[in-house]
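How do packed helices cross, and where is empty space left between atoms? Please look at the model below with both topics in mind.

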Amino acid sequence: MTLPSVPSMTHHPANPLRGILLMLGACVLLPVMDGVAKLLSQSLPVLQIVWARYFFHLLLLSPVVLWIYGRRTLRPQRPGLQALRSLFMLGSTSLFFLGITYMPIADTLALAFINPLVVTALSPWVLKEKVGLRRWMAVIVGFLGALIVLRPGFGEWHWASLAGLGAGVVHAGYILATRKLSGSTPPLVGLTYAAVVGGVVTSAGMPFVWVPPTPTQWAMMASVGLLAATCHFMVIRSLDHGEASLIAPFGYAEIVMATIVGLMWFGEFPDAVTWVGIAVIAGSGIYISIRERRTAAHKVE
């Protein structure tokens with residue numbers, strides 16, 4: 001999943017086109033990572049794959065962050081909220097990987113994309129932000145889109161769809177915590193903290209689930225962490241070149257690539273009803289982003 005609401009590393013938007021291209025690049029690579037994770041889930045426990053995602057992410061990112069920011073990064077600002085944010089990220093990753101183990105990647109991703117709707121619904125209480133009637137209506141319509149994908153009671157429901165839905169809800173908690181932390185920690189440093197927490201927590205469970213990987217599986221596990229770190233960096237850099245409300249809607253292109261990966265690697269393709277639900281969820285999220293941009297513009301004026 002992309003992170004459309006991660007704050008940028010600077011406060012001076014520079015090149016919106018470059019930002020859009022970076023976001024689209026991340027949207028191409030993320031489903032590849034998901035596809036590798038799904039392949040691994042056929043022979044390895046989900047928890048072990050999640051561990052690999054954070055362990056190799058940390059292995060790659062920590063030297064870069066220490067080189068850029070120095071040892072002071074070892075002292076997190078607002079450690080309680082940093083830990084909670086990291087646990088939200090870990091929970092979202094775990095639920096999403098669980099979901100794609102049993103469901104098509106595109107279907108799971110569509111359900112996880114309810115996160116902007118949940119953020120909007122909770123922001124009046126968590127962030128003390130005012131949400132107008134139009135955005136509330138978009139939230140309601142978006143949740144109806146999730147019900148279309150879920151289809152409870154119509155014979156197509158799978159329990160793993162709750163994992164995809166849960167990934168979106170928990171990811172919304174990550175976004176809200178990120179916004180609360182905005183300005184206190186550089187985004188790359190925050191991602192390193194998340195990798196540390198994810199690596200430590202999942203390592204505690206490894207003695208109970210560990211399956212010795214083959215050399216090929218080790219390479220695939222490492223690629224999951226490498227792709228995760230690369231894509232997060234690309235998303236962060238994309239937001240250096242344009243406002244989140246402008247760049248974030250392009251994150252829905254991830255569903256297109258997820259469909260391509262699912263079709264080419266696993267023979268998966270969403271049916272017509274699922275595509276309707278995906279369109280409703282994406283449309284609601286894009287509308288909310290546009291409304292947020294207009295609201296921010298009016299405040300500046």
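The model is predicted.

## Helix pairs

Two packed helices are described by the angle between their axes and the distance between the axes.

| Helix pair | Angle between axes | Distance between axes |
|---|---|---|
| α1 and α3 | about 65 degrees | 9 Å |
| α4 and α7 | about 40 degrees | 7 Å |
| α1 and α9 | about 160 degrees | 8 Å |

Start with α1, which spans residues 16-40. Its angle of about 65 degrees with α3 makes α1 roughly perpendicular to α3, because angles of 65 to 115 degrees count that way. The crossing of these two helices is right-handed. Which residues make the contact of α1 with α3? Helix α1 brings Met33, Asp34, Ala37 and Lys38. Helix α3 brings Phe96, Phe97, Ile100 and Thr101. By class, five residues of this contact are nonpolar, one is polar and two are charged.

Helix α1 also packs against α9, which covers residues 215-238. The angle for this pair is about 160 degrees. Angles over 145 degrees count as roughly antiparallel, so α1 and α9 are roughly antiparallel to each other. Is their crossing left-handed or right-handed? Helix α1 passes α9 in a left-handed crossing. The contact of α1 with α9 has 19 nonpolar residues, six polar ones and one charged residue.

Now turn to α4 (residues 105-112) and α7 (residues 161-180). Helix α4 passes α7 in a right-handed crossing. On the α4 side, the contact uses Thr108, Leu111 and Ala112. On the α7 side, Ser161, Gly164, Leu165, Ala167 and Gly168 take part. This contact has four nonpolar and four polar residues, with no charged ones.

## A cavity

Rolling a probe the size of a water molecule over the atoms shows where empty space is left. The structure has three cavities of 30 Å³ or more. The second largest cavity holds about 80 Å³ of space.

What lines this cavity? Ten residues do. Nearest the centre of the second largest cavity lie Arg85, Thr178, Leu181, Thr185 and Pro187. Two helices, α3 (79-102) and α8 (187-209), each supply at least two residues of the lining. By class, the lining has four nonpolar residues, five polar residues and one charged residue.

Technical notes. Residues numbered from 1 in each chain as written. Predicted model: local features only at pLDDT ≥ 70, side-chain atom pairs only at ≥ 80, totals over all residues. Heavy atoms only, no water. 1 Å grid on protein atoms, 1.4 Å probe; cavity = no way out; pocket = protein on both sides within 12 Å on 5 of 7 lines; lining within 4 Å. Points joined across faces, edges and corners; volume = space filled by probe spheres on them. Helix = DSSP H or I, 4+ residues; strand = E, 2+ residues; numbered from the N terminus. Nonpolar A, V, L, I, M, F, W, Y, C, P; charged D, E, K, R; others polar. Axes fitted to C-alpha atoms, helices over the stretch in contact; angles between N-to-C directions. Parallel < 35°, antiparallel > 145°, perpendicular 65-115°, else oblique. Left-handed = near helix turned anticlockwise from the far one by under 90°. Contact = heavy atoms within 4.5 Å.
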